[in-house]
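Dear colleague,

I am handing over the structure below, and after it you will find an account of what turned up in it. Please keep it open beside this message as you read.

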Amino acid sequence: MTPAAYAAGSLLANSQQPTANSQQPRPMLLHALNRYYERLAADPESGVAPFGYSRQQIGFVVVLELDGTLHAIEDARREDAKGKLKNIQLVVPGNAKPPGIAINPCFLWDNPAYALGYKPDDPKPERTREAIEAFRARHLEAEKEIDDESFSAVCRFLESWEPATATNHSTLVESTTGFGVFQIRNKTEYVHNRPAVRQWWDQQVDQLEAGELGQCLVTGEQAPIARLHEPKIKGVWGGQSAGALLVSFNCEAFESYGKNKKRGGLNAPVAERVAFQYTTALNRLLDPAANRRLSIGDTTVTYWTEKPTPAEAEMAAIFGASSAPEDEAEKNRIEAVLTKIARGQYPGEFGPPDTPFYMLGLSPNAARISVRFWHESTLGGFVETVGRHFADLEIVRGPKDQPHPPPWRLLRETVRDARDIPDLLEGALMRAIITGANYPQMFYAALLRRIQADREIRHARAAAIKAFLSRNYQVELTMALNPDHPDQAYHLGRLFAELEKTQEDALPGINDTIKDRYFGAASATPGSVFPRIIRMNQHHLGKLKRGSRTYHERRIQEIAGRVEGFPSHLSMKQQGLFAIGYYHQRQDIFTKKSASAGEAAEEPAAAAT
């Protein structure tokens with residue numbers, strides 16, 4: 001993407017053509033976020049901030065008498081489920097406190113340096129004095145216009161407060177984060193929520209909408225256009241703590257046709273109120289408390305439905321949180337839902353299947369945010385597509401293997417260290433999963449490289465390779481061993497697994513098997529390896545007891561009869577089939593069977609490694 005975090009044209013255009021699952025025109029990203037804000041605003045229990053306000057972390061409350069004398073500075077924090085004190089969130093006047101060295105006092109809330117002139121171990125006491133003076137002046141100037149006794153009490157307090165006495169209050173000393181608000185003793189409401197204060201503040205907000213008039217690309221209405229789309233977006237893993245912008249422009253190349261960035265965001269004309277609403281909605285979705293986000297690599301994924309549905313609380317389970325639920329009953333319930341989806345059934349507990357559903361993937365990009373993917377569908381269409389993905393992944397597994405590996409697990413199988421997962425791969429894989437498109441070729445290539453590098457085929461890797469071969473190459477693969485598979489690359493993998501098992505039985509406790517030495521070469525250039533390991537196998541068979549030797553010889557001969565030779569080279573498709581054949585055969589070997597005449601009983605089921 002260009003230095004604009006994400007081209008406004010892409011954000012404001014449909015991400016894909018309507019499908020059979022679409023029942024109505026599909027809104028654009030900013031439009032969908034704006035409608036989500038309207039949904040929150042219509043719910044009195046949501047606590048969403050209206051235009052001109054914001055939700056802030058409040059750590060202390062300055063409690064005053066009606067004459068302005070200080071009653072107490074109280075700790076506003078509350079204990080969370082783990083017993084840790086956490087700031088409360090309150091809706092207060094104004095947007096987030098802007099960063100920088102400029103003096104910028106807030107209204108009826110601020111940090112201790114502005115509200116009380118206190119900063120522990122203050123390196124710049126002069127600036128702190130300037131901060132509280134600016135805070136005091138801003139409120140005294142508004143006192144006559146607001147004309148409210150509670151607000152006047154705050155003004156009297158600010159006139160008489162001595163910052164040097166702040167250290168006498170343990171709440172300020174112990175609370176290192178969070179902002180403070182004001183309250184009158186014996187009154188439940190905070191001063192910033194007084195009707196007269198809110199009425200005055202709303203008038204100030206209306207006067208601040210002074211941007212250049214234009215047609216909003218989201219609503220189509222004529223309105224003042226936002227210069228910056230704020231509040232900034234927070235909650236994207238790896239992003240700046242102060243937040244970042246989803247839509248922004250910072251180069252002269254974006255000033256075409258007189259759309260000068262210094263005069264406003266006319267390159268992507270969005271009304272000031274709409275910019276506030278969509279950014280506020282996205283911040284709410286990314287808030288950990290909302291339980292509407294999950295991490296896939298470095299991509300932060302959030303999701304929502306057009307109307308409230310039970311499905312919103314279930315999506316994290318579909319894409320797998322990185323830690324399994326501690327409650328066994330909950331774990332079983334989630335697995336039952338995933339199994340139902342994998343079988344092509346719609347979980348009735350999700351709500352109406354025709355409900356519009358949205359999913360957004362974001363990644364940090366300096367002071368901006370990159371959109372990794374954007375998907376619009378219905379709940380029914382989404383479940384159908386994800387169900388095909390789960391069905392593609394279905395393969396025989398050991399008792400400890402996760403039945404439906406989540407995307408983060410599949411990505412983790414492509415690299416040695418999770419930090420090495422390519423940024424583009426995360427978005428590409430998620431697009432394939434949620435749209436039903438082919439899986440990215442780089443995903444398949446990375447899986448084969450990792451298998452050749454560490455010579456290990458775990459369940460998740462085998463499932464991913466099977467899914468890729470099934471969807472991208474239309475190869476028909478069964479969940480478990482298929483002795484009649486038509487491709488001999490599959491049987492070469494089976495043969496390699498049987499030769500390895502013979503070696504393991506002949507040399508119990510061996511550290512390095514033929515897999516550790518020859519798997520990479522055998523799966524890519526079998527003609528250079530198989531003659532050698534077959535000669536080695538004769539030596540291994542000679543070390544076995546007669547019954548066991550006969551058993552291994554018969555299994556090897558059965559597989560070898562389906563191999564017409566050892567080609568000098570296998571294509572990438574055939575390398576995947578080799579891996580699946582090897583995995584299937586290993587699972588078959590370690591599947592518990594009844595001992596038959598002349599054969600030793602097999603070991604219990606275990607993961608093939």
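Glu 456 is partly exposed, with a relative accessible area of 22%, where buried means under 20%, exposed over 50% and partly exposed in between (1.4 Å probe, protein chains only). Its side chain meets that of Arg 458 in a salt bridge, at 3.2 Å from N to O; a salt bridge here is a side-chain nitrogen of Lys or Arg within 4 Å of a carboxyl oxygen of Asp or Glu.

Please bear in mind that this is a predicted model, in which local features need pLDDT of at least 70 and side-chain atom pairs count only at pLDDT 80 or more, while totals for chains, interfaces and linings use all residues. Residues are numbered from 1 along each chain as its sequence is written, and side-chain values use heavy atoms, with hydrogens and water left out.

Arg 461 forms a salt bridge with Asp 454, their closest N and O atoms being 2.8 Å apart; Arg 461 is buried, at 1% relative accessible area, whereas Asp 454 counts as partly exposed at 24%. These residues belong to a network of salt bridges that links Arg 409, Glu 413, Arg 450, Asp 454, Glu 456, Arg 458 and Arg 461.

Helix H14 covers residues 441-454, helices being DSSP runs of H or I with at least four residues, numbered from the N terminus. Among its buried residues are Phe 443, Tyr 444 and Arg 450. Just after H14, Arg 455 takes a positive phi of about 55 degrees.

Best wishes

Terms used
Helices (H or I, at least four residues) and strands (E, at least two) are DSSP runs, numbered from the N terminus. The expected span of a helix is 1.5 Å times one less than its number of residues.
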